[in-house]
Amino acid sequence: MSAIQILLLIGAYFAVLMIISYFTGKNDSNTDFFKAGRQSPWYVVAFGMVGASLSGVTFISVPGWVEASQFSYMQVVLGYLVGYFVVAYVLLPIYYKFNLTSIYEYLLERFGIVSHKTGAFFFFISRVLGASFRLFLVAIVLQQFVFDDLGVPFELTVVLSILLIWVYTNRGGIKTIVWTDTLQTLFMLLAVVLSIILINRELDWSFGDFLASSELKSYNRFIFVDSFLERTHFVKSFVGGMFVTICMTGLDQDMMQKNLTCKSLKDAQKNMVSFSFVLVGATFLFMLLGALLFIYAGKNGISVPLMDGEPKSDLLFPEVALNGGLGLALAVTFMLGLIAAAYSSADSALTSLTTSFCVDFLEIEKHDETQQKKLRKRTHIGMSILLVLVIIAFKYILSRNVIDSLLIVAGYTYGPLLGLFAFGIFTKFQIKDRYVWIVCGLSVGIIAVLGSLDPQYLGGYVIGYELLPLNGLLTFLGLLLLRKKPSILVGSQ
């Protein structure tokens, strides 16, 4: 598939998104931008959230990780499933009770302004880095397989990618995203299913032949219980996955903003539960696709592509799809899936960053209506520029597999949010609010030191995704030191 063909495909795809944006963004109001008028059908939100949760990271990085980690990521995903039920039946009732626009307003109600700003700050850092990870992955694929051939520099690729997102989210915000995510999820799931079918056909296998093959057995181990010291041990991965979900979904404005557009708490809970099972099944398909890609590459002498002189397993899927001799159908399918995966998470990230910054930092509701819209639009532009700068920086500093890097960063940035919300929900204490930022900062610092320790200093124990709950625990214990007398009001929650 030529670079020009790919550009035409991207253009056609975005034309469809613009049409959706036109109809959903007619009002151009802050109410629609932030909450979609709380009229979104729960089943539409649920299906769209699958694409936003999987994103370009899952679409490319998870298949590319299979050779190094086999199916160990499924241990984390099983933990996700439990975490989604915690989100549905512990966190969502609180958000609906307080009728929140930004979920970090809960911390203002519970503790005070410093806790509110601290929570919003950690979300802001988390989402900027998370969204940038996802968009970086897509940008390097577009660069490698499209824009390098056209002589376009990486920096301009990034600018164009963010500009396209800004154009179709500028007016409708979350109201547009609820519907565009549905389309994007459909394309992404269709892409992975068709990729599995077409590659199996090229190998002269049925799907059953693939599942029964000896080649698959080399990749498909996903329960690791050999040594608790190892990073991939089942218990560590499962517990880490559960807390990753609680934090990266339940304590994340990006994901919760979609849920809060549902008409009622009951609808939001149905959305979360149904979405969780679909997501687990979809992720398993991506793991199967990863094994199939390495099998096909091995049989056809296809090497893992290089980036800056180093093998980059994240690029294997695009290499096989676009240059593996499998035909135009797979190339088109892959590109549609990639574009859908990338923008289904990036567009909502840009919108949630705009929402959180407007509500949590600019206190937009204190301004008159005309000024509110101006503030929102300026913030939307500012967030776009920030993402561009961070993505470009990643090109020069990122060395790990992207999905691995994303989960590691979550351990540092979401931990304080976990501690703050857990303390607010499960205790009746008020705290000395003005010192909260110190506790959160110290917790991240301690975790950073622990995460960088050589395993030899820990008796051979390799720290993995359990950094996140540990970070939350340290924050929780620090807040205990700041406690004041119990509040009767909080006890009623």
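Contact here means heavy atoms within 4.5 Å. The exercises below use a predicted model.

**Exercise 1. The surroundings of His116**

State which helix holds His116, whether His116 is buried or exposed, and which residues His116 touches.

Solution. 
- Step 1: His116 belongs to helix α6, which covers residues 113-147.
- Step 2: The relative accessibility of His116 is 4%. Buried means under 20%, so His116 counts as buried.
- Step 3: Leaving aside residues up to four places away in sequence, His116 is in contact with Tyr104, Glu105, Leu107, Leu108 and Asp360.

**Exercise 2. Asn271 in helix α13**

Find the helix of Asn271, decide whether Asn271 is buried or exposed, and list its contacts.

Solution. 
- Step 1: Asn271 sits in helix α13.
- Step 2: With a relative accessibility of 0%, Asn271 is classed as buried.
- Step 3: Residues up to four places away in sequence are not counted; the contacts of Asn271 are then Trp42, Val45, Ala46, Met49, Asn259 and Cys262.

**Exercise 3. Nonpolar cores**

Give the number of residues in the largest nonpolar core, name the residues with the most contacts inside it, and follow one of them, Tyr95, to its neighbours.

Solution. 
- Step 1: The largest nonpolar core contains 151 residues.
- Step 2: Phe59, Tyr95, Ile199, Met272 and Phe334 have the most contacts inside this core.
- Step 3: Tyr95 touches Leu100, Ile103, Gly250, Leu251, Met256, Leu260 and Phe421, when residues up to four places away in sequence are set aside.
- Step 4: There is also a second, separate core of 6 residues, among them Phe34, Val359, Ile364 and Leu375.
- Step 5: As background, nonpolar side chains tend to be buried together in soluble globular proteins.

**Exercise 4. Helix α14**

Explain why helix α14 is described as largely enclosed, and say what follows just after this helix.

Solution. 
- Step 1: Helix α14 runs over residues 316-323 and has 8 residues.
- Step 2: The buried residues of α14 are Leu316, Phe317, Pro318, Glu319, Val320, Ala321 and Leu322.
- Step 3: Because 7 of the 8 residues are buried, α14 is largely enclosed by the rest of the structure.
- Step 4: Just after α14 comes Gly325, with a positive phi of about 70°.

**Exercise 5. A nonpolar surface patch**

Solution. 
- Step 1: Val159 has a relative accessible area of 38%, and is partly exposed.

**Exercise 6. Salt bridges**

Count the salt bridges, then describe the pairs Lys299 with Glu215, Arg221 with Asp226, and Asp267 with Lys270.

Solution. 
- Step 1: The count is 6 salt bridges, taking a nitrogen-to-oxygen cut-off of 4 Å.
- Step 2: Lys299 and Glu215 form one of them, at 3.2 Å from N to O. Lys299 is in helix α13 (residues 265-299) and Glu215 is in helix α10 (residues 214-217), so this pair ties together parts that are 84 residues apart in sequence. Lys299 is partly exposed at 47%, and Glu215 is partly exposed at 26%.
- Step 3: In the pair of Arg221 and Asp226, the closest N and O atoms are 2.8 Å apart. Arg221 is partly exposed, at 32%, while Asp226 is exposed, at 63%.
- Step 4: In the pair of Asp267 and Lys270, the closest N and O atoms are 3.5 Å apart. These two residues are 3 residues apart in helix α13, and about one helical turn separates them. Asp267 is buried at 15%, whereas Lys270 is partly exposed at 36%.
- Step 5: A network of salt bridges links Lys117, Glu363 and Lys366.

Conventions. Residues numbered from 1 in each chain as written. Predicted model: local features only at pLDDT ≥ 70, side-chain atom pairs only at ≥ 80, totals over all residues. Heavy atoms only, no water. Buried < 20%, exposed > 50% of the residue type's maximum accessible area, 1.4 Å probe, protein only. Helix = DSSP H or I, 4+ residues; strand = E, 2+ residues; numbered from the N terminus. Core = buried A, V, L, I, M, F, W, Y, C linked by side-chain atoms within 4.5 Å. Salt bridge = Lys/Arg side-chain N within 4 Å of Asp/Glu carboxyl O.
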